[in-house]
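User: I'd like to learn how to read single residues in a model like this one. Please take me through a few.

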Amino acid sequence: PGSAALEHEEHLPYEADLTGYTRDPAVAAPPPASPHWREIHLRSTDGRGKLAGFKRYLADRKKAAVGPFSGEGGEGSGLIVVPHAGQPADAEAVFVRFATDAKAAQAEAAEHRRRRKLAEQQKRQQ
């Protein structure tokens, strides 16, 4: 989707590669009280106008784009997620979630999936 300007977020790099897609709700929409995930709105700065199409692609497929990032010297590494839901109407802005402690965020996502599966199994047994 191009480059994005950061607004008061020292932990994110200037660019990040989105390397995959997921529908996993534990990643696309982590629990609101999660200490590992933060949220930010970014603005496109490259003037190519491709961000609106990228957001539409995610929304049409109900997917989130994901990818690892690392700052200079490995500082500020983590995981960035562009969810399909909650995107601003502004064609040049995008909403992202990110975790600077990727291992903890992934462990939290795994626990969230485990609890969801357990709840589904209990519901089927009733």
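User: Where is Lys 62 found?
Analyst: Helices (H or I, at least four residues) and strands (E, at least two) are DSSP runs, numbered from the N terminus. Lys 62 sits in the loop between α2 (51–61) and β4 (64–69). This is a predicted model: local features need pLDDT of at least 70, side-chain atom pairs count only at pLDDT 80 or more, and totals for chains, interfaces and linings use all residues. Residues are numbered from 1 along each chain as its sequence is written, and side-chain values use heavy atoms, without hydrogens and water.

User: Is Lys 62 buried or exposed?
Analyst: Buried means under 20% relative accessible area, exposed over 50%, partly exposed in between (1.4 Å probe, protein chains only). Lys 62 counts as exposed because its relative accessibility is 56%. Its phi is near 55°, a positive value in a residue other than glycine.

User: What joins the side chains of Arg 97 and Glu 39?
Analyst: A polar contact is a pair of N or O atoms within 3.5 Å; within protein, one must be able to donate a hydrogen and the other to accept it, and residues adjacent in sequence count only if both atoms are side-chain atoms. Here the two side chains share one of 3.2 Å. Arg 97 belongs to strand β6 (residues 93–99). Arg 97 counts as buried, because its relative accessibility is 13%.

User: Which backbone atoms does the side chain of Gln 87 reach?
Analyst: Gln 87 lies in the loop between β5 (78–82) and β6. Its side chain reaches the backbone oxygen of Pro 83 at 2.8 Å, and the backbone nitrogen of Phe 95 at 2.8 Å.
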